[in-house]
Structure formats: C-alpha cells, structure tokens
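Visitor: I have a chain to look over with you today. Could you walk me through it?

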Amino acid sequence: MSTEFAPTPISPAPAQATHVYDVEDIWVISGANQGDALGDPFECEPGDTYQLERDATPLRLMLSTNADGQQIIAEGSEIGTQGDQITLTARYVMMAPDSDKVDLLLIRHEPSGHRFALPLSPIAPRVDYMLIEAHEDPGTTQLADLVCVAFTTGTMITLAGGAQRPIESLQAGDRILTRDSGPQPLRLVAKATLRALGTFAPVVISSGTLGNEGDLVVSPHHRIFLYRRGERRIGTTSETLVQAKHLVDGENVWQREGGYVDYYALVFDRHEIIYAEGIPCESLMVSEATLGVLPQDLAAEVRDRLPGLTHRPHFGTEAGRDLLDSVGRDKIFRRRDE
C-alpha cells in the first residue's frame with residue numbers, strides 16, 4: 001500500500017536525534033569575511049573558505065513536531081528545553097576539497113535566539129570548505145529529513161516473473177525479483193515528497209551508463225550495486241555498493257535541482273538488491289541507525305507498520321568518492337557502443 005505523507009502531522013512525531021554545531025565554531029579562514037563566524041546569507045560572500053574549529057563539540061539535538069507542525073525540542077536534547085521551538089532560517093552550499101558538496105542548515109533556538117549549524121553531510125575539523133551559495137529561503141525541509149534512500153516516480157522495477165512495472169503502481173504483497181533471494185514479497189511502499197535542493201536533489205544516471213534501460217533517477221544517498229571481476233574490479237572485492245552522488249561526473253551522471261520530487265522507498269523482510277531500470281540497486285535498509293536519519297514521517301510509517309523489523313546490511317564493500325576518482329568513472333561506465 002502506497003502512502004503519501006502530508007507535510008504537517010496531526011499528532012506529535014517520534015523524537016529523532018541529530019547533531020549541530022554552534023555557529024561560532026564555523027568561521028572564515030580566508031576571503032572577504034576572514035575571521036567572521038558563519039552569518040546570515042546577506043552577510044556571506046561566495047568564495048570565502050570556512051573551517052570547523054579543531055575542538056568543536058557536536059551537540060545532540062532531539063527533534064519532534066507538535067500538532068501545529070512546529071519543530072520543537074524533545075527530551076534528551078543538549079540544547080534548550082523540551083518543547084522549545086526551533087526554526088530553520090537559511091541554507092548554505094559548500095564545496096569540500098574532494099569536490100563533494102556539503103549542505104548546512106542554519107537553525108535558530110527561538111527562546112534564546114542562539115543559532116546553530118546543522119551539516120546534512122559529515123564535516124571534519126580543519127578542512128577547507130568553500131562557500132558556493134547562501135540562501136535566505138531554506139525550503140520546506142524538516143530538520144530531521146537528513147537522508148532519503150529512495151527511487152523516483154516512473155522508475156521501472158523488475159517483478160518476479162521478469163516483467164517491469166513503474167514503482168508508483170507497486171503495492172505491499174507484490175513479488176519482486178531480488179538478486180540473492182529470488183522472488184520476494186514487498187512489505188511496504190512508502191512515499192515522501194521533498195524539495196529537490198542540495199542533499200535532496202535527485203541524481204540522474206543516464207540511460208545506458210550502467211547498462212540501465214532508461215534513465216535511473218534516485219536520491220543521492222541511494223546505493224547502486226556494481227559487480228566487477230578481474231581487471232574491472234573496483235577496490236579489493238568484486239561486489240561494491242556506490243552512493244549515486246559519488247557517480248556524478250556532470251555528463252553521464254548528474255544532479256537535477258529544482259521543484260519538488262516524489263521519493264518511493266521499498267521495504268522487504270531483508271535488505272535486498274533489486275533491479276531498477278534493469279540494474280541492481282539496494283532496497284531500504286531498516287535499522288535504528290537508518291531510521292534515525294530518514295524523513296521523520298517515512299521512519300514513523302516503517303516503525304508503525306513493521307514494528308521490530310531490523311536488517312543486516314547486504315554484503316558488499318562500499319566505494320567512496322576517492323576510490324572512484326582513483327579508478328576512473330570511465331572504467332565503470334559503459335561506452336555507448338558496447
């Protein structure tokens with residue numbers, strides 16, 4: 001059964017944990033605002049280089065949403081008091097030395113007015129991050145919407161008998177072909193609509209790039225399964241999982257920003273490798289760690305409908321951006337004449 005989530009819950013959502021830094025711990029080491037801490041977007045200058053202070057301590061922020069749709073502090077937070085309102089006020093896009101983009105959200109603790117920075121991807125102390133964009137409109141993203149592992153509307157999923165169906169037509173109970181377990185019944189199809197910006201902008205893997213029959217459009221953190229033997233092996237194993245965002249080369253694989261995107265997550269009894277547009281990709285892996293960083297409504301839906309479900313991750317070495325840079329994406333992608 002496919003469930004579309006309303007943007008505003010009608011009852012308090014379960015608390016979820018994330019970590020933030022005091023804005024004073026992120027400051028400009030070179031550029032027009034050298035010596036200044038992360039400020040409002042109108043004060044920032046693209047091209048300035050920022051660093052996280054060496055001794056910066058991440059603070060645990062427990063979040064929930066009240067019946068009015070306001071984001072509030074939950075019990076166990078190291079910031080503020082339970083029930084205090086938190087407001088998202090700005091979004092920044094920075095470039096790391098390895099050319100990976102990092103999104104930071106500026107949030108304000110309303111009772112004190114104090115501000116904190118929430119990285120949507122891990123950041124490290126004493127590493128240079130160049131500011132690319134600063135936005136006064138942070139979008140509609142909820143603070144707990146950190147990671148979404150999902151496919152987009154129109155993705156063709158291979159069924160047990162070999163036929164393909166668009167993901168939005170699937171229902172719980174449909175039997176899906178998996179790489180390792182044969183035909184398996186779907187337990188849940190969940191849908192979330194997010195603004196297609198930064199961390200949430202989908203990655204487009206163009207038709208034919210990995211042998212896919214059509215364009216495969218997935219969330220940036222969604223992992224693609226690559227099987228390469230012998231000289232074509234990536235790293236030390238023949239089975240490798242790669243986040244879609246690490247495949248981006250601007251030509252064969254690119255990120256599409258703008259508007260909104262419908263993301264669909266597929267849940268099975270186990271963490272499976274399924275076939276989307278003809279190529280193997282992971283299903284949603286369910287664990288306390290992953291549920292803690294999924295969009296909060298999606299995580300609540302999984303917990304409510306499949307209580308106690310937890311997965312072991314599929315076997316396979318995960319390849320990061322550095323490994324793909326050293327191997328060369330041209331050795332992974334198929335040539336058009338193949």
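Visitor: Happy to begin with a cysteine: is C44 buried or exposed?

Guide: Keep in mind that this is a predicted model. Residues under 20% relative accessible area count as buried. C44 has a relative accessibility of 8%, so C44 is buried.

Visitor: And is C281 buried or exposed?

Guide: The cut-off for burial is again under 20%. C281 comes out at 0% relative accessibility, so C281 is buried.

Visitor: How many disulfides does the whole structure have?

Guide: A disulfide calls for two cysteine sulfur atoms within 2.5 Å. Searching the whole structure for them gives a count of 0.

Visitor: Which residues have the most contacts inside the largest nonpolar core?

Guide: Nonpolar side chains tend to be buried together in soluble globular proteins. The largest nonpolar core here has 28 residues. Strands that each supply at least two of its residues include β19 (223–227) and β22 (260–267). The residues with the most contacts inside this core are F151, L170, L210, L216, I224 and L266.

Visitor: How many residues does the second, separate core have?

Guide: Y21, L38, I123 and Y129 are among the members of this second core. Its total is 20 residues.

Visitor: What share of the chain is buried?

Guide: The chain has 338 residues, with 3 helices and 25 strands. Its accessible surface comes to about 15100 Å². The buried share of its residues is 53%.

Visitor: Among contacts between residues at least 6 apart in sequence, what share joins residues at least 24 apart?

Guide: Contact here means heavy atoms within 4.5 Å. For the chain, the share joining residues at least 24 apart is 65%.

Key:
Residues are numbered from 1 along each chain as its sequence is written. This is a predicted model: local features need pLDDT of at least 70, side-chain atom pairs count only at pLDDT 80 or more; totals for chains, interfaces and linings use all residues. Side-chain values use heavy atoms; hydrogens and water are left out. Buried means under 20% relative accessible area, exposed over 50%, partly exposed in between (1.4 Å probe, protein chains only). A nonpolar core is a set of buried Ala, Val, Leu, Ile, Met, Phe, Trp, Tyr and Cys residues joined through side-chain atoms within 4.5 Å. Helices (H or I, at least four residues) and strands (E, at least two) are DSSP runs, numbered from the N terminus. Accessible areas come from the Shrake-Rupley method with a 1.4 Å probe; for residues, only the protein chains shown count as cover.
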